[in-house]
Amino acid sequence: METMTARHALRAALALTGAVALTGTGCSAGVPHRGQGAALGASAAASGPAPSPGAPGIGDPLMPLDGNGGYTVRRYTLDLDWRAPETPFPAGTTISATATQALSRFDLDFAGNTLHGVTVDGTPAAAVRDGDELVVTPARPIRRGSTFTVHVAYTADPTQRRRRSDAIREYGWVPTPDGTLICAQPDGAKMVFPVNDHPSLRAPVTFRITTPPGLGAVANGRLVDRVRRPDGRVRWTYDSEEPIAAQLVQMAIGKFAFVDSKGPHGLPVRDVVPDGLVTDTEADRSLTPQHLAWLEQRLGPYPFRRYGVLVGDTDLPVALETQSLSVVPKDDLLGDRVDAERNLVHELTHHWTGDSVAIRRWSDLWLSEGHARFYERLYSAEHGGVSMEDAMRTAYEQHDQWRHDDGAPAEPTEPTLFKVMRYDGSALVLYALREKVGDDTFDRIERAWVTRYRGRAAGTRDFVALASEVAGEDLTPFLTPWLYGPDTPPMPGHPDWHVDPVED
């Protein structure tokens, strides 16, 4: 009975998954919300369906208001005029988008900042706050298929942060002694700029950050321009180079040293380090080329144009895989080398699984965190850490308890998203798969996963189907009980492994 229930859950959950294009696809159902919407424009009405409101979210079961319907973002341009730590400052965001339906109005995810005005194609638009939604009604309806430009002027407040009870703990703007950095995961980007915020939705970003004399700025991607103004302030312009999910955006301001080196095949590696931490963190940071080479042997070529580590001069509780520039708290690089390498390899692995291959729904998070933890553990086992078998046996013993407390790997709730089940508990699923199919087949599954879905979003159904295809057998009956339901299955090849009893 439990197996049948799990299989039904699998079918229901997997119906929500499937690969999507890199730039994301907002839900275009046009579900009306909060009133009647704008009056019809004659030209819009004549050319197709009557304009209607874009949906206030894409309908993710765990965070239904994340993302927005009715349009696809083509590019974000962020203008930030930074002043001082924990001090509000002028900001603006310009969004280029394409309508996927005839729009009478649309939403942006936006919270925690003082709104000054919104224009659509240069014309003032009505805008009202509704919780974390900014509801924008343009002066004229927007035709389906047309491109449009939204500009939002606001005062950014770098004191805005939110808290969770899982591993994330605190997210949003993260203060440093002389500036800030960003930890947007899971949905904190809306505290920084108006955005279409869901991990499956991505768009390129241009960052224009102005800093006072003596401070530097960094963001995802490539430094395009650095211009000193007559008053001594400096405007830094970065381009993300690749479409990027909102939770992976990084912008940091402070007194930095920029340390450049090369990875495999001449890959540019740029570390950004607070001035006083360059020497003390050098030994661990210098291992990045080795980590890149090790992962490329297992997962294929690194999927972006550059990489680097941003050292966080902060008490940030976790590192984060912000795209092309992982943020790692200083304490992670000032202690034990084995632990430091675990964190560095974990965030780097995400660039294959989580950044390049994005998750389709939040319930697919096990694919991102489980892979990062699996390769982190595997690397550590080969470089002085706990053996892979010992780490996985310990996880196996606790797996029923984690299922009870946090849900099965692919059955999280919103509050338990970043609990231990999504980390060691999900790495255990991959370990079980490897034990089932053998090392060679597992390695082919992994290579195929990051190759086929590179630059796309994919989910649990896609992984199960691909694993079955590569293995030459239907792995659904094997993976279903591992991913869903209350009980941990037997571990292939380890009949002596036992799960500890559950305690309420």
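The following dialogue considers how to read several features of a predicted model.

Biologist: What percentage of the residues count as buried?

Modeller: Of the 504 residues, 59% count as buried. The chain exposes about 18,700 Å², and carbon and sulfur atoms supply 50% of that area. Contacts may also be read by their separation in sequence. Among those between residues at least 6 apart, 70% join residues at least 24 apart.

Biologist: How do the strands of a sheet pair?

Modeller: In general, strands of a sheet pair through backbone hydrogen bonds, and the sense may be parallel or antiparallel. In this model, an open sheet of 8 strands shows mixed pairing, in the order 6-5-9-3-2-14-17-16. Its edge strands are strand 6 (123-124) and strand 16 (222-228), each of which pairs on one side only.

Biologist: In which sense do strand 2 and strand 3 pair?

Modeller: Strand 2 (residues 71-81) and strand 3 (residues 89-99) pair in the antiparallel sense, over 9 bridges.

Biologist: Which residues does UniProt list for a domain?

Modeller: An unreviewed UniProt entry lists residues 290-482 as "domain: Peptidase M1 membrane alanine aminopeptidase". Over residues 290-482, the chain is 56% helix and 6% strand. The end C-alpha atoms of this stretch are 33 Å apart.

Biologist: Let us turn to a single residue. In which helix is R377 found, and is R377 buried or exposed?

Modeller: R377 is found in helix 6 (residues 365-382). To judge burial, one compares the relative accessibility with a cut-off: a residue under 20% is buried. R377 has 17% relative accessibility, so it counts as buried.

Biologist: Which residues does R377 touch, not counting those up to four places away in sequence?

Modeller: With those neighbours in sequence not counted, R377 touches R342, M388, A391, M392 and D424. The side chains of R377 and D424 are also joined by a polar contact of 3.2 Å.

Terms used: Residues numbered from 1 in each chain as written. Predicted model: local features only at pLDDT ≥ 70, side-chain atom pairs only at ≥ 80, totals over all residues. Heavy atoms only, no water. UniProt positions renumbered as here; feature names shortened; annotations may be inferred. Helix = DSSP H or I, 4+ residues; strand = E, 2+ residues; numbered from the N terminus. Pairing = 2+ DSSP bridges. Buried < 20%, exposed > 50% of the residue type's maximum accessible area, 1.4 Å probe, protein only. Polar contact = N/O pair within 3.5 Å; in protein donor to acceptor, adjacent residues only side chain to side chain. Contact = heavy atoms within 4.5 Å. Areas by Shrake-Rupley, 256 points an atom, 1.4 Å probe, with all protein chains shown as cover.
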